[in-house]
Amino acid sequence: MDYSQFFSAALNRLHDERRYRVFADLERIAGRFPHAIWHSPKGQRNVVIWCSNDYLGMGQHPKVVGAMVETATRVGTGAGGTRNIAGTHHPLVQLEAELADLHGKEASLLFTSGYVSNQTGIATIAKLIPNCLILSDALNHNSMIEGIRQGGCERKIFRHSDLAHLEELLREAGPERPKLIACESLYSMDGDVAPLEQICDLAERYGAMTYVDEVHAVGMYGPRGGGIAERDGVMHRIDVLEGTLAKAFGCLGGYIAAKAEIIDAVRSYAPGFIFTTALPPAICSAATAAIRHLKASNWERERHQERAARLKAILNAAGLPVMSSDTHIVPLFVGDPEKCKRATDILLEEHGIYIQPINYPTVPKGTERLRITPSPYHDDGLMDGLAEALLQVWERLGLPLRKQPMAAE
């Protein structure tokens, strides 16, 4: 039997549906972000990255790089295995204490990625609560959906940030049934923010636990970078906060923070924690350095918000179809998968601008877009150049502009 036919057929389906993904071979340059080298089929070229989730450029910060180099030099590279076998190295202990403090919780637990922390964290919590009903926001990330599915309990989906629908489902469940509300604080494809205070009100009224994914908000919002929950003053009302070290903190890893008994129970039961090698000491030290810096420094957050606001204003003034966003995410509507991919190809090949197309299944069909994430280091000249290049691409592909440019947000 020719087994390769099955894989060829699967790939052909992706090509036919215009969903086949192509990755650019990029080499970032520490100290020059967002500039990078693209190893193109025709050789090396200088490009500007416009879609990195290293939102604050902390991946190149001297404190972060220095902490990583110093720790690797002092203790070596790998963690030596799972924490159950190799023990917990000290930089990891320090990092978990730093994360618990960041979110005002008793304890935290580190995973190898934000995806794994959701997938195994939610599943484990759900399995430990008898007859648990999970109420999940309709736009939750795939990692949350997988965690809920693997939890094996009943789930109900409430319309995105629809408090009336959530309350209806909570009321139907009854006061005696254990319930877990799962949502994100900041939805990364549209850039909108969940009404966390009102969700907490409903959770308390109907006796539900809350689990909030803050991966696109930690480091970015709140006086110490604790996220939307800190900014909105509800961090103490949320039972489990989940975050990542791979975005605003510029490193790698995911985590949950909660009461000590919740963290201890997940630590003791979660396969995705028990059977996985721990993050290396150098990564943990780098992440700790990033968190400590952003707890004390507001320059990066303030500059980042100013840059995002300016870019929205420039693109709106040019008549480009900027989708409404209250945060640092700048989505640009395309609405066609082929043109979306073609637009990014032209931007990269002819203008040295790297933006990845966002197509189905990441977003619903018909809502394809460019997702732009300016950093504190995207200056005015880069922004003006981006707007010019986008206008040329829009004209070339016959994409519509706004009839009347929107007012800047």
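The lining of the second largest pocket divides into 9 nonpolar, 4 polar and 6 charged residues. This is a predicted model, in which local features need pLDDT of at least 70 and side-chain atom pairs count only at pLDDT 80 or more, while totals for chains, interfaces and linings use all residues. Residues are numbered from 1 along each chain as its sequence is written, and side-chain values use heavy atoms, with hydrogens and water left out.

A word on terms: on a 1 Å grid over the protein atoms alone, a cavity is a set of points where a 1.4 Å probe fits but cannot get out, and a pocket is an open set with protein on both sides within 12 Å along at least five of seven lines; lining residues have an atom within 4 Å of a point.

The two spaces have these values:

| Space | Volume | Lining by class |
|---|---|---|
| Second largest pocket | about 310 Å³ | 9 nonpolar, 4 polar, 6 charged |
| Largest cavity | about 100 Å³ | 6 nonpolar, 4 polar, 1 charged |

About 310 Å³ of space lies in the second largest pocket. Of its 19 lining residues, Ala 24, Trp 38, Asp 345, Leu 348 and Glu 349 are the closest to its centre. Helix H14 gives the largest share of this lining, 5 residues.

For the largest cavity, the lining includes Arg 83, Phe 111 and Phe 273. Strand E4 (107–111) and helix H11 (271–274) each supply at least two of the lining residues.

Finally, Met 1 lies in the segment before helix H1 (4–16). Met 1 counts as exposed because its relative accessibility is 76%, where exposed means over 50% relative accessible area with a 1.4 Å probe and protein chains only.

Conventions
Points joined across faces, edges and corners; volume = space filled by probe spheres on them. Helix = DSSP H or I, 4+ residues; strand = E, 2+ residues; numbered from the N terminus. Nonpolar A, V, L, I, M, F, W, Y, C, P; charged D, E, K, R; others polar. Buried < 20%, exposed > 50% of the residue type's maximum accessible area, 1.4 Å probe, protein only.
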